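The following questions and answers show how the terms used for a protein chain are applied. Each answer sets a value against a definition and then concludes.

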Amino acid sequence: MTMTDKPSRPPASRRNVGRRIVAAVAATALAAGVMTTAGALAPTNAVTTIVNPTHSRPRDVMIQNGKLYWPNISTNRIQTSNLDGTNVQLLPTDAPLSGPSGLATDGTYLYWTNGQAGGTTIGRSLLDGSGVNDSFITGADVPIGIAYHAGNLYWTNFGGSTIGRAAVSGSGPATGVSQSFMTVSNYPYGLEVNSSGIFWTDYLEGSGPSIGTVVKKATLAGTGQTDLVTSANGPTGVTADATYLYWANYANGTIGRSKLDGTSVTTAFVSGQVEVVGVAVDATHLYFTSAPDPANFPGPVPPNKILRAEFDLTPPVLTGPATFSVVATSNPMTVVYSPPVSATDPDDADDKIVKSCDVGTLTGITITLGSGPSTSQLVTCTASDEVGNTATRSFTVTVTRPAAPVLTLPSNILTVATSLAGATVDYPAVTATSGTVACSPASGTVFVIGTTTVSCTANDGVNPATTGSFTITVTNPGSPPIVVPANIVATATSPAGAVVTYPPATSTDGTPSCSPASGSTFAIGVNTVTCSVTNTFGTATGTFTVTVNRPAPPVVSVPANIVEGSSLDAGKVVTYPAASSSSGTVSCLPPSGSAFPIGVTTVTCTATDAYGQTGSRTFTITVNKEIPLVPVVPVNPTGAGGPIPGSGTNPGVVQVTTTAPATTAPTTTVAATAPATAPTVPPTTVAPTTTTTKAPAAAPTAAPADTAAVATPVLGDPTFTG
């Protein structure tokens with residue numbers, strides 16, 4: 001594949017080799033039939049031609065300030081348009097340029113490489129085309145690719161196999177120009193520089209008729225050159241965004257893509273194009289130039305184009321079930337989604353959309369129930385298209401337990417054996433509200449003589465099994481019936497219990513024997529008597545109880561309450577009648593004949609019988625304190641002789657007796673003694689006769705013997721009149 005207006009004048013030692021390589025590439029491409037214009041655009045939306053520049057042969061395309069820029073080889077000028085291809089214009093440069101090929105900008109200035117016909121310069125102008133300096137940098141060797149980054153301008157010297165660099169700042173000249181900043185192999189063509197490093201394409205790789213396949217990378221310092229991508233196909237232009245690197249495969253009309261580290265390579269990110277050369281990218285579109293070389297087309301030459309491919313930025317649309325709940329019919333429970341999870345995308349074929357769920361499948365999920373009444377599972381499904389647009393959909397599947405089965409069981413069954421082996425018993429069917437019922441032993445089984453428990457379960461496959469049981473009792477047909485006495489209650493006659501005689505047990509077949517035997521001494525408490533009777537078919541047993549109760553505890557009788565009087569502070573010795581009891585021996589405290597103090601004393605009498613049972617009763621003995629009171633004998637105020645009225649034969653003494661209760665403080669009695677001669681009282685003063693007696697606070701409870709005291713006269717105070 002040749003490019004008749006490709007950069008020319010490689011070093012003399014390489015010119016003929018370069019021509020042979022180009023011719024061989026052209027022949028190989030034509031034989032392979034790669035000049036088709038049809039093809040599918042898998043990762044992006046449809047490719048649109050936005051500019052058909054006449055005879056432009058656009059080698060590069062650049063985006064700046066919402067405009068496209070590209071070189072027009074036929075006019076040696078630079079053209080611009082809007083991003084949609086409208087408003088195509090030529091930059092108003094003062095004169096034709098020297099064969100512009102690659103474009104770059106620092107935001108203020110436009111830079112281009114003059115790489116046609118063995119060019120050696122790099123030009124510059126303002127973005128509006130003014131201030132043209134077509135030889136801003138000189139000494140290049142067929143410069144093609146150009147890039148600006150962080151104050152430095154970089155370009156590929158296609159003819160010299162180097163990458164040059166110069167510092168550019170403002171309107172001044174370039175400084176630090178180095179045409180051999182990096183020495184590279186073969187024919188460096190496109191160039192991209194960003195913070196990740198320096199990227200360039202080898203348009204032809206090696207010597208001989210082989211198509212270039214390598215996109216390379218180095219650090220910003222120009223070191224660490226590596227083959228980043230080795231599956232290119234005659235790579236020319238190269239560009240990058242924040243994540244991906246894009247390069248034009250001139251030989252087969254495709255655009256490749258990889259991540260900036262060389263991974264995730266897509267050799268035909270855009271396909272079906274013709275001789276793609278320049279490439280640029282923004283957030284929504286990929287722009288590229290198609291510059292067919294007439295030498296490669298024996299027939300009509302496809303038109304020059306600037307094309308735009310819109311990135312597929314639309315994620316697939318996920319559909320599927322909303323959050324829902326089902327009742328479990330098994331555990332684990334397989335839940336089928338209705339509708340299943342699916343995805344559609346107008347930009348991609350269905351088979352290009354990758355769909356998955358973090359748990360389960362697109363059609364359902366299997367959930368194992370926990371111990372609670374329900375178990376929930378959050379399901380998150382995603383769908384991604386070929387360019388990584390991803391949609392997410394989440395919903396929750398809840399599996400609830402049904403009500404546990406409820407068993408309906410027959411009543412316990414009693415039957416008679418039909419043989420010594422027992423009896424075949426068909427019991428009623430056991431049912432449950434849900435699930436499967438199983439019983440063991442099964443109905444229709446031979447049940448042995450005795451009692452057998454039939455255990456049943458109902459299992460619905462979800463809940464723990466519900467269990468229940470009933471019994472089947474098979475009696476021996478030859479076992480004799482036995483009738484035992486009714487339960488007996490007796491009263492103990494001694495601490496050992498009581499001798500109890502009970503009626504005999506009876507049977508229609510033999511005489512039962514019982515133990516303990518009738519007439520035995522039964523201990524206090526409940527005694528079980530077991531009776532049995534045996535014949536040739538077996539033994540029948542029966543039981544009854546003999547309960548021996550203790551007799552009633554002692555009932556104590558005590559004397560009535562006693563009240564005594566005493567003139568002594570220590571109280572009084574009291575002898576009281578003896579207490580009695582219905583059983584046992586009585587003792588009283590304090591005992592009879594004890595000295596009881598002044599006040600009330602409780603006497604407790606207790607009796608204990610032979611069974612250790614006790615009874616008690618109390619009475620009181622009250623001892624009151626006796627205190628005599630002596631009245632005062634008044635003096636005759638007139639001094640006349642004669643006895644003072646009173647009792648007894650002594651004319652000067654009156655005898656008074658009183659008793660104070662024990663609870664009253666003692667009363668002091670003062671005795672007044674009348675003198676032999678009455679005192680002289682003034683005639684104007686009359687002295688009344690006064691008798692003073694202190695009465696007890698409470699009425700006496702007993703009348704002690706009279707106590708005599710001599711009365712002492714009390715003189716009254718004189719009374720003055722007038």
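A residue is called buried under 20% relative accessible area, exposed over 50%, and partly exposed in between, with a 1.4 Å probe and protein chains only. The model is predicted: local features need pLDDT of at least 70, side-chain atom pairs count only at pLDDT 80 or more, and totals for chains, interfaces and linings use all residues. Residues are numbered from 1 along each chain as its sequence is written, and side-chain values use heavy atoms, with hydrogens and water left out.

Q: Why is Lys-216 called buried?
A: Its relative accessibility is 9%. The term buried requires a value under 20%, so Lys-216 counts as buried.

Q: Is Asp-202 buried or exposed?
A: Asp-202 has 0% relative accessibility and therefore counts as buried.

Q: What makes the contact of Lys-216 with Asp-202 a salt bridge?
A: A salt bridge is a side-chain nitrogen of Lys or Arg within 4 Å of a carboxyl oxygen of Asp or Glu. In this pair the closest N and O atoms are 3.7 Å apart, so the pair meets the rule. The pair links distant parts of the chain, with Lys-216 in strand 16 (residues 215-218) and Asp-202 in strand 15 (residues 197-202), 14 residues apart. Strands (E, at least two residues) and helices (H or I, at least four) are DSSP runs, numbered from the N terminus.

Q: Which residues are linked with Lys-216 in a network of salt bridges?
A: The network links Asp-202, Lys-216 and Asp-227. The side chains of Asp-227 and Lys-216 also meet in a salt bridge, at 3.7 Å from N to O. Asp-227 lies in strand 17 (residues 226-229) and Lys-216 in strand 16, so this pair ties together parts that are 11 residues apart in sequence. Asp-227 has 44% relative accessibility and therefore counts as partly exposed.

Q: What makes strand 3 and strand 4 a pair?
A: Two strands pair if DSSP finds at least two bridges between them. Strand 3 (residues 67-72) and strand 4 (residues 77-82) have 6 bridges in the antiparallel sense, so they pair by this definition. Pro-71 stands opposite Ile-78 in strand 4.

Q: How do you know that strand 32 pairs with strand 31 and with strand 26?
A: Strand 31 (residues 374-384) and strand 32 pair in the antiparallel sense over 11 bridges; the bridge partner of Val-379 is Phe-395 in strand 32. Strand 26 (residues 324-327) and strand 32 (residues 390-400) run parallel and are joined by 4 bridges, with Ser-325 opposite Thr-398.

Q: How many helices and strands does the chain have?
A: The chain has 1 helix and 56 strands, and 43% of its 722 residues count as buried.
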